[in-house]
Amino acid sequence: MTTGPSLQALAYGSFSSEGTAGLRVGVAAGEAILDLTAAAASLLPRHATLFEAGNLDKLLAAGPATWAEVRDTLRWWLLVAEHRARVEPFLVSADAARMHLPFTVADYVDFYASEHHAATVGRLLRPGQEPLPPAWKHLPIGYHGRAGTVVVSGTPIARPGGQHRGPAGQVVTGPTGRLDLEAEVGFVVGVPPPAGAPVPLSAFADHVFGVCLVNDWSARDIQAFEYVPLGPFLGKSFATSVGAWVVPLAALDAAWTAPPPRDPRPAGYLDDSGARPGGLDIRLEVRLNGTVVSRPPFAAMYWTGPQQLAHLTVNGTALRTGDLFASGTVSGPGHDERGCLLELSMGGAEPLVLPDGTTRTFLHDGDEVVIIGRAPGPHGTTVSLGEVRGVISPPGPR
């Protein structure tokens, strides 16, 4: 069963369906999708051209004032019962729709922002040493990924191959034996600042349109062999799955929360001690073949989305519409809050036992991973962020 965003989220995606020509921009509306490409001429005449291409690229570039106007109009038509009849002709069954990548990914950056994840992985990979890298509490560490291998939820994930160490420690070339999931939250850039201008913490919502769920798949054996000194490369670049729906930041107004205490105090451009809380109380759930194996809390992340964007741009790098930056693996302090199998199985030493009696240290061919997300909404409601889903397929031709 597919888990879609709640109606209150008014999340945007790109879809196609039988009987419609080309891609369409859609708004998640429960068990239906509002075909905004078709409806905009009558519901949003001033902004109809934003949806003609069938993806979110033009909407992302339109800026906060337009985002707010479009959202307010959609709330009027979809959430006010007496107006709902006007949109009925433009509703498509969600079951009949095929989802596509919602926006053109310009660049992709993945951070390493969970202290719980970074410390556990550090102990596994560098036993007897300080678990966190020296710079970790001074800045949000990240790496540059591959925009070209960001795929929409539901796309099969072929088992990658490369060089890694075999059972006897010899270097071999072949399919990974330690394929892993990573439960993450991604942020989608809308309007970039002027070229070379850093984005301060206070301007986060001026440039970030919304969030999506992310699974940044990892080949742990390939990654372990290659990552010193330049970090992840082939162990991560083969695929990153994103949810089909982008939830606007405006839908998460009730979810902002204070991040954990920081020590030492961050540098000035990262110091949020006097700023609006930049953490988000998003609760993730990781399902492996239908079994819930983890519930990672995004509120526990040491570095927040605003801090990640501030650090990403502090050196003068240029942002582009459609840039995607992800949080890195979301993990909490509890064993059942770890956001990847590397942590859940403690590097393979503690296999997970599934209800069918099989065990997992890392992913097998045919395994299905589904990550869902929820956040607090207004007046005690819950906002669903939808899901990101992927099934592991055997290695393709090399």
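**Close-up views of a predicted model**

**View 1. The largest nonpolar core and L385.** The largest nonpolar core holds 75 residues, and those touching the most other members are F187, W217, F325 and L385. The model shown is predicted. A second, separate core is made up of 38 residues, including V27, L36, W67 and V246. In soluble globular proteins, nonpolar side chains tend to be buried together.

**View 2. T120 in helix α4.** T120 lies in helix α4, which spans residues 115-125. Its relative accessible area is 13%, which is under 20%, so T120 counts as buried. With residues up to four places away in sequence left out, T120 touches E343 and M346.

**View 3. Helix α7 and its surroundings.** Helix α7 (residues 305-313) is largely enclosed by the rest of the structure, because eight of its nine residues are buried. The buried residues of α7 are G305, P306, Q307, Q308, L309, A310, H311 and T313. They pack against the strands β6 (108-111), β13 (183-189), β14 (208-215) and β22 (324-326), and against helix α5 (204-207).

**View 4. Strand β6 and its two partners.** Y108 and D110 point one way from β6, while V109 and F111 point the other way; all are buried. β6 runs parallel to β22, joined by three bridges, and D110 has A326 of β22 as its bridge partner. With β7 (residues 142-144), β6 pairs in the antiparallel sense, also over three bridges. Here V109 has H144 of β7 as its bridge partner.

Key
Residues numbered from 1 in each chain as written. Predicted model: local features only at pLDDT ≥ 70, side-chain atom pairs only at ≥ 80, totals over all residues. Heavy atoms only, no water. Core = buried A, V, L, I, M, F, W, Y, C linked by side-chain atoms within 4.5 Å. Buried < 20%, exposed > 50% of the residue type's maximum accessible area, 1.4 Å probe, protein only. Helix = DSSP H or I, 4+ residues; strand = E, 2+ residues; numbered from the N terminus. Contact = heavy atoms within 4.5 Å. Pairing = 2+ DSSP bridges.
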